Amino acid sequence: MFSFNRNEQIALMLLAGALLIGGVVSLVSRYAADRTPDFEVRKGAVAPPSESVPDTARNMPTPTALIDLNRALEKDLQRLPRIGPKTARRIVEYRNQHGPFRRVEDLTAVQGIGPKTLERLRPLITVTSP
């Protein structure tokens, strides 16, 4: 009846293999799609971000009210950008040893706070008379 040479036999085997693989992939994708949960966008499902803008350096929200250097606790001072637990402790210790801050610029007397850090903190802090 029909006889195929060696090259034609190889071509037919490759074609049959491709059809078989394509069928298997089609079946797997069809049944796997049924098990995947549907994702849809629902308006209002997630609350919009609040007005506070996160500090990208530490990914912490910036404080909304000014922090008074003469009344703030260590935990309040740690909410400021670039102020960690050690620096907050130094600020409180400085205030206890030298009395209340008279102006914002006095903060540079605390170890670890230089002019650049002061300029970053200036819009977030205040000094009131005790």
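# Questions about a predicted model

Me: Why is the contact between Arg-103 and Glu-105 called a salt bridge?

Reply: The closest N and O atoms of Arg-103 and Glu-105 are 3.8 Å apart. A salt bridge needs a side-chain nitrogen of Lys or Arg within 4 Å of a carboxyl oxygen of Asp or Glu, so this pair qualifies. Keep in mind that this is a predicted model, in which local features need pLDDT of at least 70 and side-chain atom pairs count only at pLDDT 80 or more, while totals for chains, interfaces and linings use all residues. Residues are numbered from 1 along each chain as its sequence is written, and side-chain values use heavy atoms, with hydrogens and water left out.

Me: What makes Arg-103 partly exposed?

Reply: Its relative accessibility is 49%. Buried means under 20% relative accessible area, exposed means over 50%, and partly exposed is in between (1.4 Å probe, protein chains only). Arg-103 therefore falls in the middle class.

Me: Which residues are linked with Arg-103 in a network of salt bridges?

Reply: The network links Arg-103, Glu-105, Asp-106, Glu-119 and Arg-122. Inside it, the side chains of Arg-122 and Glu-119 meet at 3.0 Å, N to O. Arg-122, at 30% relative accessibility, is partly exposed, and so is Glu-119, at 48%. The whole structure has five salt bridges.

Me: How do you know that Arg-71 is exposed, and is Asp-68 buried or exposed?

Reply: Arg-71 has 52% relative accessibility, so it counts as exposed. Asp-68 has a relative accessible area of 11%, so it is buried. These two residues form a salt bridge, with their closest N and O atoms 2.8 Å apart.

Me: How many aromatic pairs does a search of the whole structure find?

Reply: The search finds one. Tyr-94 and Phe-101 form this pair, with 5.6 Å from centre to centre and 25 degrees between the planes. Rings of Phe, Tyr and Trp (its six-membered ring) pair if their centres lie within 6.5 Å; planes under 30 degrees apart are stacked, over 60 edge-to-face, and the rest tilted. The pair therefore counts as stacked. Phe-101 is buried, with a relative accessible area of 3%.

Me: Which residues touch the most other members of the largest nonpolar core?

Reply: They are Leu-77, Leu-80, Ile-83, Ile-91, Leu-107 and Ile-125, in a core of 18 residues. Helix H3 (85–98) and helix H4 (115–121) are the elements that give two or more residues to this core, and H3 gives the most, with three. A core of this kind joins buried Ala, Val, Leu, Ile, Met, Phe, Trp, Tyr and Cys residues through side-chain atoms within 4.5 Å. In soluble globular proteins, nonpolar side chains tend to be buried together.

Me: What does Ile-125 touch?

Reply: Leaving out residues up to four places away in sequence, Ile-125 touches Leu-66, Ile-67, Leu-69, Leu-80, Val-104 and Leu-107. Contact here means heavy atoms within 4.5 Å.

Me: What is the pattern of the chain, read along the sequence?

Reply: The chain follows α-β-β-β-α-α-α-β, with four helices and four strands. Helices (H or I, at least four residues) and strands (E, at least two) are DSSP runs, numbered from the N terminus. Buried residues make up 20% of the 130 residues.

Me: Where does Arg-82 lie, and what is its phi?

Reply: Arg-82 lies in the loop between helix H2 (74–77) and H3. Its phi is near 70 degrees, a positive value in a residue other than glycine. Most residues other than glycine have a negative phi. At 53% relative accessibility, Arg-82 counts as exposed.

Me: What makes the nonpolar surface patch of about 590 Å²?

Reply: It is made by Phe-2, Phe-4, Leu-12, Leu-15 and Leu-19. Patches use residues with over 30% relative accessible area and no salt bridge, joining like charges within 9 Å and nonpolar side chains (Val, Leu, Ile, Met, Phe, Trp, Tyr) within 5 Å. Leu-12, in helix H1 (residues 6–35), has a relative accessible area of 40%, so it passes the area cut-off.

Methods:
Areas by Shrake-Rupley, 256 points an atom, 1.4 Å probe, with all protein chains shown as cover.
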